[in-house]
Amino acid sequence: VGFNEEHAQEAYAVVTYEDAAGDTPDTYPGDDELTKFAQGACAGEYAEYVGIDYLDSELFYTYLLPSARSWEDDDRSVVCFVTTAGEPLRESVKGSKR
């Protein structure tokens, strides 16, 4: 899908999970810990991509977490997506300050 076509979400960051000590553990940290990390990481990356702080934006973010199964295959990546509350995106939101 090109960015000039309607799309529901747009990936804007891939962030490697790190625990509070800055380590990437071998043991699956659990959904709650990954969710907490993803919320902070995706909010932190948002302004650089969209061009406006998340709290000032009309858009939203969501994320995809590694699963316990994919963790076993060395998947430590959280993928962050920009989305809307209804209407599809019709162009890239990169630098849009929306």
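I count helices as DSSP runs of H or I with at least four residues and strands as runs of E with at least two, numbered from the N terminus. By that count I found two helices and three strands in the protein chain.

The model is predicted, so I kept its limits in view: local features need pLDDT of at least 70, side-chain atom pairs count only at pLDDT 80 or more, and totals for chains, interfaces and linings use all residues. Residues are numbered from 1 along each chain as its sequence is written, and side-chain values use heavy atoms, with hydrogens and water left out.

I read the element order from the N terminus as β-α-β-α-β.

I then looked up the sheet, taking two strands as paired if DSSP finds at least two bridges between them. The three strands form an open antiparallel sheet in the order 1-3-2. Its edges are strand 1 (9–16) and strand 2 (60–64), each pairing on one side only. The twist averages 25° from one strand to the next; angles run from 0 to 180 degrees between N-to-C directions, with axes fitted to C-alpha atoms, for helices over the stretch in contact. Strand 1 pairs with strand 3 (residues 77–83) over seven bridges, and I noted Gln9 opposite Thr83 in strand 3.

Helix 1 (residues 31–50) lies across strand 1, strand 2 and strand 3, at about 120° to strand 1. Contact here means heavy atoms within 4.5 Å.

Of contacts with a separation of 6 or more in the protein chain, I found 66% between residues 24 or more positions apart.
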